[in-house]
Amino acid sequence: VEVYSLHVDCKVTSRFAHTLITSKIVNRANESREATFEVELPKTAFITNFSMSIDGKVYPGIIKEKASAQKEYDTAVSHGHSAGLVKITGRKLEQFHVSVSIAAASKVTFELTYEELLKRQLGKFELLIKVRPKQLVKHFQIDVHIFEPQGIRFLETDSTFMTNELTKALTKVQNETKAHVLFKPTVDQQKINPEFDETLLNGDFVVRYDVKRDATAGDIQIVNGYFVHYFAPQEMPVFPKNVIFVIDRSGSMAGRKIEQTRDALLKILHDLRPEDHFSFITFNSKVTEWKSSLLPATAENVASAAGFVQTLSASGGTDINHALLTAVGGLEKAEGLPERSVSMIILLTDGQPTSGETNVEVIQENIQKAVNGKYALFCLGFGFDVSYKFLEKMALSNGGIARRIYENADAALQLQGFYQEVATPILKHIEMQYPENAIEGLTKNDFKLFFEGSEIVVSGKISNELDLLPVEIKAQSHSSDLTLKEEANVKEKEQVFQNQSYIFGNFIERLWAYLTIQQLLEKSISAQEEDQKTLEAQALELSLQYSFVTPLTSMVVTKPADQEQTDLANKPTEAG
């Protein structure tokens, strides 16, 4: 079975990435063989389309509501479950896998399309393409087109498998608003060495870039009556932070995990700014405060904290409830904190609550009541013994986010990387305001905090014949309360995309649907049960309307009549 062609075509228009992977396979044997299509795609993406065509006959994937698809599938497959087609394979990727039996000398073409909104992190957008053909491919290419009307500030490619020879197969062309990256290695260039038919192509191919930003009130783009508004202010003073690190030192943290935690905390201590205030709480079944109050991050206090961190050792149970309540109490009673500052709690734990209050619902309620919207809570779950669902709900209910830290050699780097994302808050209480009577289906438009290097995205549908779309942004910065205003000329903005040949027409509408679904799903995590149902129903309706495989839908993959008829592709989630 030979994969004779593998193409990855990716079009990024104003951060919205549309990727089509086409694999062509021929069976050169003289009897039927299994042809396999295996692709890794970003967890943040939604699959929108899949088909296979065998000798000219097309077998499409059909997206349905998850429960009804499952029912149909169970009826078709009497012998219970076969494995799903999609599974999480790493911290950023999930794998789509389908195989089909094809006759001697037959050909099959697999096509998979997925879409995602690229998220700005630490000052750049990242397009990740996983490359693993497992054999030499005669026609192999990765073709990336980027169009950013704001202008491209910088662009770089990076790969885990590049050699000098392979670099010759890579071309980059870039002008003010467009970039084209083409990677097209010949069969000889793909070989590990000339003698053997082994491929070098195994790993990540990454394109990173950022856009130019001139307008103070962000950038608005409009296509077919849908708008998207990007806002990422630059060169703003940074808010002082008041941060309490709440560190799990229960028995399960013993050994490598606590070592990596110590390494990360030592680096983070050195990244604190002199105007920040900080403290540590460590917990097993007992809760220990490093100091009775938050201290300014002077050289002396940082050195003393480093001494404390180096003595961290692990044993005992896990009292998450008492540890977090102690942290909130610490922020409540803290004195001498800068008037305009941002207070946050960063929890690192690797397990379930086992001491003190162990009912996760009660803990969530206690913490939400105590935090009361005043502080941001970030929850880092170390490894796979944590209840990620519990941490995620707790963080999202308290203005923060949850993140899984993978138990790998680079865990300390993952912890530091997370800290860097939240280390520089530059705005708080951000409200993005649009004319109420003229916008429908507005996505989330108020944000608690904005960190340098990230980006706020708001999208909606312009309902009536507006000529001008006025926007107003209100926010607090360290030095003042801001009001930024901007007017977008609808006709002019629509013009920008008119003559771009490689743009899929309704991309802002799809971006709006993608963002709305992501936000509805996120909101449902921390919602009450009856609200949860409403939010999920809305997300399901959009998933079906725009054909996205989301946690609420499934793709039914049909096969030729003589084979097991159907397979299901479901979207896995981090919380399992």
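Let's start with an opening: the second largest pocket has a volume of about 410 Å³. This is a predicted model, where local features need pLDDT of at least 70, side-chain atom pairs count only at pLDDT 80 or more, and totals for chains, interfaces and linings use all residues. Residues are numbered from 1 along each chain as its sequence is written, and side-chain values use heavy atoms, leaving out hydrogens and water.

A word on how spaces are found. Rolling a probe the size of a water molecule over the atoms shows where empty space is left. On a 1 Å grid over the protein atoms alone, a pocket is an open set of points with protein on both sides within 12 Å along at least five of seven lines, a cavity is a set where a 1.4 Å probe fits but cannot get out, and lining residues have an atom within 4 Å of a point. Points are joined across faces, edges and corners, and the volume is the space filled by probe spheres set on them.

Back to that pocket: 24 residues line it, with Leu-6, Thr-36, Glu-38, Arg-132 and Pro-133 nearest its centre. Two or more lining residues come from each of β1 (2-13), β2 (16-26), β3 (33-42) and β9 (125-131). Strands here are DSSP E runs of at least two residues, helices are H or I runs of at least four, and both are numbered from the N terminus. The largest share, seven residues, belongs to β3. By class, the lining has 14 nonpolar, four polar and six charged residues; Ala, Val, Leu, Ile, Met, Phe, Trp, Tyr, Cys and Pro count as nonpolar, Asp, Glu, Lys and Arg as charged, and the others, Gly among them, as polar.

The whole structure holds three cavities of 30 Å³ or more, and the largest cavity has about 100 Å³ of space. Its lining includes Phe-245, Leu-348 and Tyr-419, and α4 gives the largest share, four residues. That lining splits into eleven nonpolar, one polar and no charged residues.

Finally, look at α11 (residues 507-525) and α12 (residues 529-545), whose axes come within 9 Å and cross at roughly 160°. That makes α11 roughly antiparallel to α12 (an angle over 145 degrees). Axes are lines fitted to C-alpha atoms, for helices over the stretch in contact, with angles running from 0 to 180 degrees between N-to-C directions.

How values were computed: Parallel < 35°, antiparallel > 145°, perpendicular 65-115°, else oblique.
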